[in-house]
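Welcome, and thanks for opening the viewer. Let's take a short walk through this fold, one selection at a time.

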Amino acid sequence: MKKTGFFKRAVVSSLCCLAAAFVLLTGCGNVAQTKKGTQQEVYATPAGVYSLGELQKKYPDWFNSSGEITYPYTPETKEYQEADSYEKLCSLQDIPKDIVDHSDTETLLQAVEKYPLLDYSLYDTFQSAEDTYKENFYGYRILGQREDAYLAAWRSLAERNRKDLFLKQEGHLNEEINQTELELSLILTKHAWQQFSKEERKEVKALWKDVERKILTVSENAGLGGPKGELYSYDEWGEG
């Protein structure tokens, strides 16, 4: 599979393909709710069956001491070293269904952002990357089906941007690019756009423009260049 430069890809492939994001797969345990006017299904967080304490007891390796979802298999573990294919690595890193189904959306977003195999730069397009992750990572697929995923993503991206932390964590640039692409893929959807008020749409556009500017600045500072001009349009989604 051909690799592309992730700086250029971070803006071009992500933002050009995000209108097609939020494609929903069937066969999930969540209950579908059709929102009037959206012409697509979105999924609500299911009613809790397990408490956090019960999940930690049932899957102790998947939580750290702070109760956050973590990934127990690292390159240093025997299981990881014995995984001789991408499919086996995906199986190792797939968060157990019980944890995914009974985690709130903000917690699930944070967990998916830490997915060890999340790297959009390995793919020619954002869409091909997303299709692969949806097929192989249950948590990724369910996050995209959560009705409130766009709100969790908007809060996360806006908070990092407000604190001026974006793209400044030394040694974590690619990780932040991937987190940003994931969050934008949840924010820039027709479903999300139809939920925003006119004022919120202005805020979303301003945030997206600011984030894009920072990505381009980092690209140029690294001597990699980057695309210019508007790369995305909301016109087909209505006024605002």
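## The whole chain first

Of the chain's 240 residues, 47% count as buried. Keep in mind as you look around that this is a predicted model. Following the sequence, the order reads α-β-β-α-α-α-α-α-α-α-α-α-α-α.

## Into the core

Next, show the nonpolar side chains. The largest nonpolar core holds 50 residues, and Ile-95, Tyr-140 and Leu-182 have the most contacts inside it. Helix H9 (residues 149-162) supplies the largest share of this core, with 6 residues. In soluble globular proteins, nonpolar side chains tend to be buried together.

Centre on Leu-182. Which residues does Leu-182 touch, leaving aside those up to four places away in sequence? They are Leu-109, Val-112, Glu-113, Leu-118, Tyr-120, Tyr-140 and Leu-143.

## Where two helices cross

Tyr-140 leads us to the last stop. Select helix H7 (residues 126-136) and helix H8 (residues 138-145), whose axes come within 5 Å and cross at roughly 110°. The two helices are therefore roughly perpendicular to each other, and H7 passes H8 in a left-handed crossing.

Show the side chains here: from H7, Phe-126, Glu-130, Tyr-133, Lys-134, Glu-135 and Asn-136 meet Tyr-138, Tyr-140 and Arg-141 of H8. By class, this contact has 4 nonpolar, 1 polar and 4 charged residues.

Conventions
Residues numbered from 1 in each chain as written. Predicted model: local features only at pLDDT ≥ 70, side-chain atom pairs only at ≥ 80, totals over all residues. Heavy atoms only, no water. Axes fitted to C-alpha atoms, helices over the stretch in contact; angles between N-to-C directions. Helix = DSSP H or I, 4+ residues; strand = E, 2+ residues; numbered from the N terminus. Parallel < 35°, antiparallel > 145°, perpendicular 65-115°, else oblique. Left-handed = near helix turned anticlockwise from the far one by under 90°. Contact = heavy atoms within 4.5 Å. Nonpolar A, V, L, I, M, F, W, Y, C, P; charged D, E, K, R; others polar. Core = buried A, V, L, I, M, F, W, Y, C linked by side-chain atoms within 4.5 Å. Buried < 20%, exposed > 50% of the residue type's maximum accessible area, 1.4 Å probe, protein only.
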